[in-house]
Amino acid sequence: MANGKRGIPLSTISPKFLHANSTSHTWPFSAIAELIDNAYDPDVHARQIWIDWTRIRGLDCLSFMDNGEGLTRARLHKMLSFGFSEKKAAKFHIPVGVYGNGFKSGSMRLGKDAIVFTKTRDAMSVGLLSQSYLEAIGAQRVLVPMITFRRDGHNHVEDGASLRAILTHSLFNSEKELFAELRAISAAGPTGTRIIIWNLRTTTNGETEFDFDTDKYDILIRVNTSDKSNMTPESEYSLRAYCSILYLKPRMQIIIRGQRVKSQLISKSLAHIAQDNYRPSFLNKRVRITFGYNTKSKEHYGIMMYHKNRLIKPYVKVSCQCKAERKGVGVIGVIECNFLQPTHNKQDFDDTDKYRKIMHNLSIKLEEYWNEIRYKRKKEDPKCTVAIEDVLKVPDQVWVQCDSCLKWRRLPDAITELPEKWFCSMNYDPQFRSCSVEEELEDEEEDQKSYPKPFKRQRRNTKSLLEENVPDSTQTQERPALTTTQAPRHPPTSVMSGLSLAEKSPLPLINLTAVSNSLRRAKQKFFAIETQMEVTPSFPVPSLTPPQERSSQTHWPALNEERKPLTQSDTLVSKAVCSMMEGTESHQGPAAEEETCERDASSGTGGEYSSTAEQIIELPLKNEKKRVVHHEGHVDDEEEQEEEECNLAEVQQWQDELMELMNETAEDKDTCLQEIEVLREHSAALEDERNQLISRLESAEEEKSRLSALCRQLSSQLSELREHSQRGKEEKDDSSKLRTLRLNLSRLLVSFIPSLHLEHVDYNSDVIDTILTQVHRSCICMPRK
């Protein structure tokens with residue numbers, strides 16, 4: 001048992017822990033990813049890593065070699081030990097490693113034995129981590145033989161035993177073979193690391209779990225033929241496919257069996273890409289979510305969840321994709337969850353409340369994207385019956401990585417084929433034709449807005465209108481056809497953020513009583529002449545309603561004849577309609593349509609006014625008369641002129657009514673703004689009151705702490721009093737017993753010495769004791785007969 005500096009026993013690690021620690025990787029590719037991460041992290045910062053299969057002394061081996069910074073002897077020893085992680089971020093490069101356990105768990109998952117060759121500018125080192133070696137020597141603790149060859153020739157004297165252990169229990173039996181492996185690193189660069197793993201894990205039939213024969217440029221996992229269905233993503237059994245999506249933005253080239261992996265920007269290789277935002281309640285900034293359709297297979301879909309640029313969970317199907325309706329088929333979502341904590345094997349996240357919330361909101365966001373894409377496709381081509389996931393698609397953007405500087409460049413969308421090697425000098429854009437130029441932006445800024453959602457906005461407005469038009473059972477039957485427009489159920493979040501739910505009162509926006517009267521008069525006039533003539537507007541009628549909403553409205557008959565030039569009445573109506581449209585758009589505004597709170601679903605605030613304004617405008621336009629056609633087939637000029645004059649007067653009257661309505665709307669808008677300002681002041685007052693309450697709460701907490709201390713002090717004093725009382729009681733009992741004893745002794749003395757008079761003696765004092773002492777002395781002095 002080893003002791004520390006102060007004689008306290010040190011904890012040791014049993015060799016069996018090497019295997020137990022490796023069982024955290026249930027999937028072999030997750031173990032390989034740990035070794036790739038070590039080369040990718042900023043402390044090594046390799047530009048390339050080579051993964052290959054080789055045979056040494058008849059054994060299948062996996063080799064990993066990078067051209068990074070290499071490892072000093074001290075860093076190599078920490079890598080072969082447990083729990084040492086000193087990785088720090090460099091510029092924008094955040095390390096993936098956290099726990100200092102990746103190499104041990106990953107290498108021992110792949111095979112029983114691993115040897116590490118590393119080379120820096122000053123020295124070369126070799127380290128052995130071998131379960132076979134520990135079993136052969138019967139070790140009780142994990143031993144890691146290490147040797148270092150310095151360029152100045154001053155090698156470590158204590159490396160003799162490590163050298164003998166390496167030459168005896170590894171695949172290399174001479175120093176010449178060791179130097180041959182160290183020289184192999186020089187082919188990749190002046191510094192780097194090379195790892196060789198042998199005694200690979202085997203299946204039940206004795207074969208290695210990897211298939212090296214089916215594809216000479218790939219490493220596959222041996223699975224049953226029935227398991228390789230179209231439903232299984234290729235990345236689950238192909239190392240090349242897995243490495244292509246391993247990093248959200250690849251910064252290192254991965255070469256598998258001599259052929260470079262074609263890395264891809266997963267968020268840029270989708271079709272129908274849309275950027276959405278999500279702001280969790282526990283974060284102060286938005287999280288970017290990219291949605292799009294898989295261009296390779298519609299059966300491979302779900303959420304690609306990354307953490308610090310590293311893939312943690314691929315193709316995670318959210319709840320809406322697991323339902324029987326098969327919503328979200330073919331849709332891929334990409335999100336970087338740096339606010340979540342991955343498990344130590346980096347294949348899952350800790351099942352926390354944050355993780356469950358993000359998965360719930362990802363399902364909502366993905367279903368919104370699914371509905372918006374289908375709505376847009378139906379609007380563009382109503383006759384199309386083929387589902388969008390069944391249509392052949394190509395990526396929206398083409399990005400390529402330079403083989404020299406490893407920067408990503410965007411190419412024109414028409415390019416479909418690229419050469420085996422591509423450099424910045426081959427770029428079509430002269431602005432980015434040099435490796436010294438920084439990468440172009442990828443639209444990932446925080447102020448980037450979410451994509452427009454017309455389907456969600458339309459459904460929200462329709463729901464608001466339906467809620468407003470539902471008759472109230474408590475009102476009488478004489479209720480007018482159109483009443484005051486209801487306010488949105490929830491005021492704007494920026495205004496009501498400081499108010500409690502009980503104080504969120506409805507906010508009246510527009511009073512449409514006059515509009516209701518005008519609308520009823522228009523209907524009466526129109527229906528009176530509708531049976532005698534056919535009506536068509538003499539100018540193109542602008543509409544505020546989307547096409548899909550117009551389809552549900554009444555279609556009025558039109559004449560199949562040429563239209564006359566615009567008259568003065570037509571011009572007046574056109575100006576009124578355009579003014580009304582501008583007023584409606586300025587009232588609603590694009591920001592009010594798109595800027596919604598992403599935490600919870602909220603009702604719309606602008607759809608009610610737009611829909612009502614459309615109804616007001618359409619009826620005057622449809623009542624504008626162009627000409628009257630008689631059933632006999634001829635036109636009376638005098639009657640036509642009279643009708644034209646009447647129609648002109650009616651149009652003028654309707655224009656005046658529209659102008660009055662616009663003025664009323666402006667006044668109501670000013671009133672609303674004033675009420676909003678009042679609410680803001682109320683919110684500020686409530687915030688001040690809240691701060692005061694928080695201050696009082698803190699004072700109460702301090703008072704509580706002081707009272708708690710006082711209570712503890714009083715409790716201590718009470719315990720002391722109880723102990724004192726118990727001692728006094730015991731002393732009182734002793735005094736009572738002593739008095740009884742003295743009384744008995746006095747009676748005994750009187751029986752021997754009748755001349756003693758002890759009636760007035762105080763038995764609580766020591767008088768009897770003194771008398772007894774004197775009697776005792778007199779008895780001693782009395783001569784014996």
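These legends walk through several views of a predicted protein model.

**View 1. The whole protein.** Let us start with the overall picture: the 785 residues of the protein include 42% that count as buried. Its secondary structure comes to 18 helices and 17 strands. Among contacts with a separation of 6 or more, 66% are between residues 24 or more positions apart. The accessible surface is about 45600 Å², and carbon and sulfur atoms account for 52% of that area.

View 2. Leu 710 sits in helix H17, which spans residues 637–752. With 37% relative accessibility, Leu 710 counts as partly exposed.

**View 3. Cysteines without a disulfide.** A disulfide is a covalent bond between the sulfur atoms of two cysteines. How many does a search of the whole structure find? The search finds zero disulfides. Take Cys 424: its closest cysteine sulfur, in Cys 405, is 3.6 Å away, too far for a bond, since a disulfide needs the two sulfur atoms within 2.5 Å. Cys 424 is buried, at a relative accessible area of 0%. For Cys 320, the closest cysteine sulfur belongs to Cys 322 and lies 8.0 Å away, again too far for a bond. Cys 320 is also buried, with 2% relative accessibility.

View 4. Side chains of opposite charge can pair when their charged atoms come close. The structure holds 25 salt bridges, and one of them joins Glu 439 to Lys 249, at 2.7 Å from N to O. Glu 439 belongs to the loop between strand E17 (408–411) and helix H10 (454–469), while Lys 249 belongs to the loop between helix H8 (239–244) and strand E9 (253–256), so this pair ties together parts 190 residues apart in sequence.

View 5. Within helix H17, Glu 687 and Arg 690 are three residues apart, about one turn of the helix. Their side chains meet in a salt bridge of 3.2 Å, N to O. Glu 687 is partly exposed at 32% relative accessibility, and Arg 690 is partly exposed at 46%. Glu 703 and Arg 706 form a salt bridge too, with their closest N and O atoms 2.4 Å apart. They are three residues apart in helix H17, so about one helical turn separates them.

Notes. Residues numbered from 1 in each chain as written. Predicted model: local features only at pLDDT ≥ 70, side-chain atom pairs only at ≥ 80, totals over all residues. Heavy atoms only, no water. Helix = DSSP H or I, 4+ residues; strand = E, 2+ residues; numbered from the N terminus. Buried < 20%, exposed > 50% of the residue type's maximum accessible area, 1.4 Å probe, protein only. Contact = heavy atoms within 4.5 Å. Areas by Shrake-Rupley, 256 points an atom, 1.4 Å probe, with all protein chains shown as cover. Salt bridge = Lys/Arg side-chain N within 4 Å of Asp/Glu carboxyl O.
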